[in-house]
Amino acid sequence: MNIENSKQNGDFKSPFAVEIKNINKSFGPVQANKEISLNVSGGTIHGIIGENGAGKSTLMSILYGFYQPDSGEIKVHGKLAYFKQPSDALRLGIGMVHQHFMLVPNFTALENIVLGAEGKTGLYKGLQNARKKLEKLKQAYGLEVELDSLTENLPVGIQQRIEILKALYRGARVLILDEPTGVLTPLETEQLFEILLALKSEGVTILLITHKLHEIMAITDEVSVMRQGKMVANTLTKHTSPEMLAEQMVGRSVLVNNKYELQSIGKVALSVEQLGVVDKRGFDSLKNATFDLHAGEILGIAGIAGNGQSELLSVLSGITQPSRGFFKIEEHLFDAKKNPNPRLMRQLGVSHVPEDRHSEGLVLQFQAFESVILGYENNKKLGNGFFTNPDTIQAYCSQLQEAFDVRPQNPRLYSSQFSGGNQQKLVLSREISSTPKILLVGQPTRGVDIGAIEFIHKTLIGMRNNGCAILLVSVELEEILSLSDRILVMNSGEIMGIVPKITATKAMLGKMMAGIPIEEAKEDKK
Amino acid sequence: MQASRLPRYVDIVLIPVLNLLTALFVAGIIIAIIGENPFTALSVMLKGAFVYKGGLGYTLFYTTNFIFTGLAVAVAFHAMLFNIGGEGQAAMGGLGIGLVAISLGSYLPVIIVIFLAILGSALFGAIWGVIPGYLQAKRGSHIVITTIMFNFIASAILVWLLAGMLMAPNQMSPETVSFSDGVALWQFHEIFNKLGFDVGRSPLNLSFVIALICCLLVWLLIWRTRLGYRIRATGFSLKASAYAGYRPETIIIVTMAISGGLAGMMAVNEILGVQHRVILNFTSGYGFTGIAVALMGRNHPVGIIFASLLFGALFQGGAELDFEFQAITRDMVLMIQGLIILFSGALAYMFNPALEKLFLRNELMMRPKND
C-alpha cells in the first residue's frame, strides 16, 4: 500500500514492527504506565489484555501519539520515533481505530475516509483519486463498504470498516484496535476477524486491545497482559489458556465463569403486555414486548447493544412513557394514559441500576454521599422536613460503603474519583438498600474489574435467593448465561423468544441476537 | 467541574487574589501610560471606597445591589441555567414595589406596606424569570436568548408605564409619585446619627441586611435542602435527574422563579431604600455585573459577598477617581472593572497549571519523608 513507507523502513530490517522500551507515564500522582516494554513482531496479531484501568489505553495512546511518555522510547520498524501528535505516528504508519468511532454521521463513507486528507483545492479530483485507491484496498482485504452511502445509515460493523479503511488509506502498516468487538453482533465479529486475518496475511501488524479472553484465544498470535500499569506477561497465544490469562490479569485465580444454581420461581412480580415505545424520531425502538417476570428469578435480556434493551429498562423504570400496551406491578397498571414515573416506581419497590452509571446512575460532580441518595433524597431519615442533614447522609454513605466494600471508604470523595467497579458498587448499594421487590439492572459489570464483577454477581444472586425479581440487561453473553434463570433475546426492538437457561446454548442465542426467530435457531442447532 | 488537585485554600483564596492583583497591575500600567501615578490612584480609590466620610456607606450600598443580582445568577447557574435577565427582572421588581406602595400606601400600616412591597418585588422578578424558564423547559427556547430579550421588554414596559399611566401628574419626568411618608427602608446613617455617632450621609439602608439574610437562605437552599439537591443534580446531569425522577422542566421553572425573585429584590435597595418612587433605568447595569460577581464568587454566597464588596468598592472608589483626577474618567473605571472581570472570569484558571506544578512538586518532595 504505502510504498514509500515500506521502502523507507525496508532498509532497517528489524523483526519488530514496534518496539516499546521502558515507557513511563504519570497523570499527576497516578502512574498509569510503569516501565513498560513491548515488542510487536511485524505481520502478527498481538493482543493486549488487562482490566479497566490497567493502563492499556494509556499505552496505546502513547503509541499513536496522543500522549507523550515521561520517559522511555518507541521504535517503529527499528527506527527511533518521537510522536508529538497522532499525525506523527500516522506518518510512520501507525493508525488507530477507536472504540467510539470518530465519524461524521451525515458524511458519506468516502467523505469520512478522506476527511483531513482531501488533497489540495477542489474536492472532486481528490475524491476521484481516493475512490480508485480505496477500491484497491477494499478488494485486497475484503473490506466491503458502499462508498457513497451516508455513514449514519450504515450498520456499526460497516462503520468500523470505514474506520479501518481510514487508517489504511493514510498508509497505516500498524493498526491499533481498541475494544473493536464491543458493539458488534457475533456475525459481524466473525467478519471483522476475517478482515484482520486478511490484513495480517498482507503484512499489516495488528494490536488488538480487548478484555474478552476468548477473542484473544481465537485470533491473536501473541498476547501481553497488563496489570496496574505494568506489563506482567508476554507469551505466544498457543502457550497460554483463558484461565492463565485471567489469573495474570487480576493477580490471583478467579472463576472465569461461575455457574449459579437454579432457584425455584415465585409468583409474577411484573407482567408486560404488548409494550411498545416510539422514540422522538418516530422510530419503534421497542415493539410489542410481552413477558412475565417472577419473584425469585433472574430474567436475562440478551442482545447486541441498541436493540431495544435500553428502552425496555427506561420504560419499566418510569423514565420514558409507553406508547402502546401496558405493564402491571401488583394491581397497578401503567400504559400510555396512566404514565409511570421513577418516583412512583421506587415507591412500588422497583429499583433501577442504570446502564450508564456516569451520566445516569451517579452525578460525577457530586461527592459520594450525595450520589448515594440520588432519587432517594426524599427519605425522611435523611433530615427533617425541608432540610437534609449532611452528617446523617455521610454516616449512611459510610455504612453502605462498608457493606458493599467500596474503596476508598470515604463519603466525601467525588463520585468521579472512584474506579469503575467502585462506582458501580455505589449505585448498586443505593438501589439494593431500598430492599426492592423488582430490580432492573443494566450492564452491571461494564467497565468493571474482575474482582468487582464477582462481588456484583454474588450480590445479584443473593437478591434473587431472597425473592427479588431481577431483570438483567447485559451485552455480555457470558454474564447472561451464568446468572439468568431464563433468557430473553432481543433484536431490533423485538423479542425473539425466551429460553430457559438449561436449553440455551451460545450458538442458538447468537443466532437469535442476529434476528433469527427462536424456532429456526433451534432447528439449526439440530 | 473536575475536582481540583490543588489544596482548597489555593483554589478559594490564592487564585482569586492573584487574579485580582494581575488585573490591578495591568490597570496600573494603563494609568501610568496616561500620565498619572498608579499608586496615588490606588490610594485615592481605596480611601474613596472605605475611608472618606460616607464612602464605606456608598460602597456597601452598591455591594447590596451586587449581592442580589449575583445571587440570582448563582442560583440559576446551579441548575446550569445562564440567567442574563437580572436587569429586566430587577426592573420588574421595581415595578412590583411601585404598584404595591402606590396602591396600598395610604390604606395599610407602613410596616405591612413595606413587607408587601418587598414581596411584590420578589414576585414580579420571579414572574419575569419564570416566563423564560417555562419557554426553555417546555419549548426549548434558549434561556440566554429569552432572558436578554426580556430585559428589553421589561425596559420598554417601564418606559410605557412611567411615561403614561403611572407618571406623576404636573411634572415632566418619567417617574411615579413619591410613596406615602414612611414607606421606605431605614437608612443606616439616620440610625447611627440617632444613636449619637457621627456618620456621613449615604444611601446604605436595611436592604443590606436583607441581602445578607438572602445569602444565608441561598446557601441553605442549595446545600441543605432536598430542593437544592435536586437543582444541583439537574444542573450537573439532566440524564441523572430524569433517572431519579426529578422532572427537569419543573426544576428549571422553580429555579428561574427563585433566581428572578432575587434579582427583583435588587429594586428594594434602590427604590424602597433610596428613591421612594419608581424611576427609569434605576438598574443601571447591576443585573449584568451580577454575572461577573457570581463568576468571581464561584457561585457561592460567601464568595458573592466578597466579590460584591470588591465591585462595590470599585464603583464608589471609581467615582472618587473620576472626581479627583483630570485624566481619569468614569470610562477608565469601567475599564478597570473590565480587567477584573477578564482576569477573574475569562482567565480565571490562567494560574492553575503553574500553581499545580508548584504544589504537586512540593507534594512529591514531601512524600518520601512521610512514608
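Which residue in S9(A) is the bridge partner of A:Gly50? In this predicted model, in which local features need pLDDT of at least 70, side-chain atom pairs count only at pLDDT 80 or more and totals for chains, interfaces and linings use all residues, the partner of A:Gly50 is A:Met226. Residues are numbered from 1 along each chain as its sequence is written, chains are lettered from A and ligands numbered from 1 in the order in which they are written, and side-chain values use heavy atoms, with hydrogens and water left out.

Helices (H or I, at least four residues) and strands (E, at least two) are DSSP runs, numbered from the N terminus, and two strands pair if DSSP finds at least two bridges between them. In general, strands of a sheet pair through backbone hydrogen bonds, either parallel or antiparallel. S3 and S9 are part of an open sheet of 6 strands in chain A, with the order S6-S7-S8-S3-S9-S10 and mixed pairing. At its edges are strand S6 (94–97) and strand S10 (230–236) of chain A, each of which pairs on one side only. On average, neighbouring strands of this sheet are turned by 20 degrees against each other, direction ignored. Helix H2 (residues 56–63) of chain A packs on the sheet and touches S3, S6, strand S7 (174–178), strand S8 (205–210), S9 and S10 of chain A; contact here means heavy atoms within 4.5 Å. The direction of H2 makes about 150 degrees with that of S8(A), where axes are lines fitted to C-alpha atoms, for helices over the stretch in contact, and angles run from 0 to 180 degrees between N-to-C directions. In the loop between S7 and helix H7 (186–201) of chain A lies A:Glu179, a residue other than glycine with a positive phi, near 40 degrees.

A second open sheet in chain A has 4 strands in the order S12-S11-S14-S15, and its pairing is antiparallel. Strand S12 (284–294) and strand S15 (332–335) of chain A are the edge strands, each with a single partner strand, so one side of each has no neighbour in the sheet. Neighbouring strands are here turned by 15 degrees against each other on average, direction ignored. Within the sheet, strand S11 (residues 268–278) and strand S14 (residues 324–329) of chain A run antiparallel and are joined by 5 bridges; A:Val272 stands opposite A:Phe327 in S14(A). Helix H10 (residues 309–316) of chain A packs on this sheet, touching S11, S12 and S14 of chain A, and its direction makes about 60 degrees with that of S12(A).

Elsewhere in chain A, strand S1 (residues 16–27) pairs with strand S4 (residues 71–76) in the antiparallel sense over 5 bridges, and A:Val18 has A:Val76 in S4(A) as its bridge partner. A:Val76 also has a bridge partner in S5(A), namely A:Lys79. S4(A) and strand S5 (residues 79–81) of chain A pair in the antiparallel sense over 3 bridges and form a hairpin with 2 residues between them, where A:His77 in the turn has a positive phi of about 50 degrees. A further backbone feature is the cis peptide bond from A:Arg407 to A:Pro408, with omega near -5 degrees; A:Pro408 is placed in the loop between helix H14 (390–403) and helix H15 (420–432) of chain A.

Turning to chain B, the axes of helix H8 (residues 207–224) and helix H9 (residues 226–236) come within 5 Å and cross at roughly 70 degrees. That makes H8(B) roughly perpendicular to H9(B) (angles under 35 degrees count as roughly parallel, over 145 as roughly antiparallel, 65 to 115 as roughly perpendicular and the rest as oblique). Residues B:Leu221, B:Ile222, B:Trp223 and B:Arg224 of H8(B) meet B:Arg226, B:Leu227, B:Gly228, B:Tyr229 and B:Arg232 of H9(B).

Finally, the two chains meet in a contact that takes 38 residues from chain A and 23 residues from chain B. The area buried between them is about 2,600 Å², of which carbon and sulfur atoms give 56%; buried area is the accessible area (1.4 Å probe) that two parts lose on being put together, summed over both. Across this interface there are 2 salt bridges, a salt bridge being a side-chain nitrogen of Lys or Arg within 4 Å of a carboxyl oxygen of Asp or Glu. The side chains of A:Glu377 and B:Arg230 form a salt bridge (2.6 Å, N to O).
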